[in-house]
Amino acid sequence: MSESTDAPLRLPRIGDPAPQFTSPSTHGSTSLSDFAGKWVVLFSHPADFTPVCTTEFLEFARRSKDFAALNTQLIGLSIDSVYSHIAWARFMEQNFDVTVDFPILADLSQSVAAAYGMLHPGESSTATVRAVFVIDPEQVIKAMIYYPLTTGRTINEVYRLVQALQLNVNHGLATPEGWQPGDACIVPPPATMKAAAERMASDYEVTDWFLSKTKSPV
Ligand code: BEZ
């Protein structure tokens with residue numbers, strides 16, 4: 001299944017405009033531009049009706065309303081047909097009582113997968129890897145995650161990532177290792193000698209001039 005190739009892999013980068021697309025999906029024709037003004041989590045899986053993908057997809061579907069509460073639209077993708085996606089979603093509903101309420105792109109042309117660098121031929125020449133793109137309301141890429149075929153993602157980490165990105169955009173704060181909502185946040189470090197001296201005298205929780213924390217606003 002795996003094969004190496006010398007063909008260059010085009011990867012989008014954090015800060016790039018998200019590649020626009022219009023694709024068949026389980027919700028009809030779906031375009032990225034349909035979701036301008038919302039955050040988007042666009043994620044790929046290798047194939048419908050495979051075990052690791054099923055466990056991930058069930059959890060994305062269970063958490064869909066949590067993402068919606070963050071003004072965030074989930075969009076799935078694989079190189080499978082709409083009919084396969086429909087049958088798989090129905091299987092999950094019938095066997096796990098979980099409804100997939102977000103579109104799953106049927107990227108048979110591989111055009112979306114190629115634009116987002118989801119095809120890694122050294123891992124698989126036929127299936128998308130487990131990619132996640134977090135796209136902001138201006139449709140700029142804010143974060144990317146890539147996992148191999150055999151390792152399932154933790155959906156709660158994707159959710160936490162969206163929360164941390166929104167905290168940064170809305171409040172200008174950064175987040176330390178393992179941050180969870182309610183935990184103290186990192187205040188961006190001062191960039192001048194004068195600001196460094198002022199930081200030492202500030203009300204923040206100051207360890208040293210470059211390392212200060214403040215209460216989480218969320
Ligand atoms: C899975 O989802 O279980 C899977 C898919 C492709 C390769 C290996 C595992």
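1. In helix H1, the buried residues are Cys53, Thr54, Glu56, Phe57, Leu58, Phe60 and Ala61. Buried means under 20% relative accessible area, exposed over 50% and partly exposed in between, with a 1.4 Å probe and protein chains only. Helices (H or I, at least four residues) and strands (E, at least two) are DSSP runs, numbered from the N terminus.

2. This is a predicted model, in which local features need pLDDT of at least 70 and side-chain atom pairs count only at pLDDT 80 or more, while totals for chains, interfaces and linings use all residues. Residues are numbered from 1 along each chain as its sequence is written, and side-chain values use heavy atoms, with hydrogens and water left out.

3. The 12 residues of H1 should span 16 Å at 1.5 Å a residue, and its end C-alpha atoms are 17 Å apart, which agrees. The expected span of a helix is 1.5 Å times one less than its number of residues.

4. H1 (residues 51–62) also gives the largest share of the shell around the ligand, three residues. The residues around the ligand are Pro46, Thr50, Pro51, Val52, Cys53, Arg130 and Leu149; a residue is near a molecule if one of its heavy atoms lies within 4 Å of it. By type, the shell holds five nonpolar residues, one polar and one charged. Here Ala, Val, Leu, Ile, Met, Phe, Trp, Tyr, Cys and Pro count as nonpolar, Asp, Glu, Lys and Arg as charged, and the others, Gly among them, as polar.

5. A polar backbone atom of proline 51 is 3.2 Å from an oxygen atom of the ligand, one of valine 52 is 2.7 Å from a ligand oxygen, and a backbone N or O atom of cysteine 53 lies 2.8 Å from an oxygen atom of the ligand. The protein buries 80% of the 270 Å² that the ligand exposes when taken alone; accessible areas come from the Shrake-Rupley method with a 1.4 Å probe.

6. The protein chain is divided into domain 1 (22–153) and domain 2 (172–218), with bounds from an automatic or database domain assignment. Their centres, taken over C-alpha atoms, are 36 Å apart.

7. Helix H5 (residues 155–171) has 17 residues and reaches 24 Å from first C-alpha to last, close to the 24 Å expected. Its buried residues include Ile155, Val158, Tyr159 and Leu167. Just after H5, glycine 172 has a positive phi of about 70°.

8. For the whole protein chain, the secondary structure comes to six helices and 10 strands. Of its 218 residues, 45% count as buried.

Note on methods:
Polar contact = N/O pair within 3.5 Å; in protein donor to acceptor, adjacent residues only side chain to side chain.
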